[in-house]
Amino acid sequence: MSDTDSVTRRIPDLAAMVAAYNAMNRYGQANGMDLHVPAPGQAEYRMIVREEHLSSPNTCHGGVLAGLMDAALGAAALSQAFTTLEFVSTVEFKMNYLHAVHLHDVLVAKGLVDHTGKKLVVSSCVIYRVAQGKEDVAVARGLGTFNRYPADKRDFAKLVMS
């Protein structure tokens, strides 16, 4: 058996890793964020704007969108890192707010890895407001940079790689 074969056998199923991540992600749970990973390097979060997300009557606080943005950017990078037995941490991200978001809006944040280097991952994201079942309006766009590091540096690895 080659080294490649032994590494491949140790890499857990992506769906199992995402399920374990969702189970421990208290921030996502507290904010009603639902993560879906269609493929490594892609992530989609859905959430509904609730009253506790408002900063003024009927208007969502920008920090809620920033949290959703960081989560989607990071989940895209993390899903890619899972394939090489690595994790990621946010180095920086920037975003542009394009439109206001209101109470009960359904938001979809779509993250995508744009570049993977030896130490860093760069991903981009667009947050859409959903209306009548379709992604209606892009309300924010962002770009993030993430540090790659070996999975065995975190307790999370023990949950999904044993």
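Start with helix α4, which gives six residues to the lining of the largest pocket, the largest share of any element. A word on ground rules: this is a predicted model, where local features need pLDDT of at least 70, side-chain atom pairs count only at pLDDT 80 or more, and totals for chains, interfaces and linings use all residues. Residues are numbered from 1 along each chain as its sequence is written, and side-chain values use heavy atoms, with hydrogens and water left out.

Helices (H or I, at least four residues) and strands (E, at least two) are DSSP runs, numbered from the N terminus. The protein chain has five helices and eight strands, in the order α-α-α-β-β-β-β-α-β-β-β-β-α.

Buried here means under 20% relative accessible area with a 1.4 Å probe, protein chains only. Across the 162 residues of the protein chain, 43% count as buried.

Now the spaces themselves. On a 1 Å grid over the protein atoms alone, a cavity is a set of points where a 1.4 Å probe fits but cannot get out; a pocket is an open set with protein on both sides within 12 Å along at least five of seven lines; lining residues have an atom within 4 Å of a point. Volumes are the space filled by probe spheres set on the points, which are joined across faces, edges and corners.

| Space | Volume | Lining residues by class |
|---|---|---|
| Largest pocket | About 440 Å³ | 13 nonpolar, six polar, two charged |
| Largest cavity | About 40 Å³ | seven nonpolar, one polar, no charged |

For those classes, Ala, Val, Leu, Ile, Met, Phe, Trp, Tyr, Cys and Pro count as nonpolar, Asp, Glu, Lys and Arg as charged, and the others, Gly among them, as polar.

About 440 Å³ lies in the largest pocket. Closest to its centre, out of 21 lining residues, are Tyr 21, Gly 74, Leu 78, Val 88 and Thr 90. Two or more lining residues come from each of α2 (14-24), α3 (26-30), α4, β5 (86-97) and β8 (134-150).

The count is one cavity of 30 Å³ or more. Val 18, Tyr 21, Leu 35, Val 37, Ala 75, Leu 78, Ser 79 and Phe 82 line the largest cavity, with α2 and α4 giving two or more residues each. Helix α4 again has the largest share, four residues.

How values were computed. Buried < 20%, exposed > 50% of the residue type's maximum accessible area, 1.4 Å probe, protein only.
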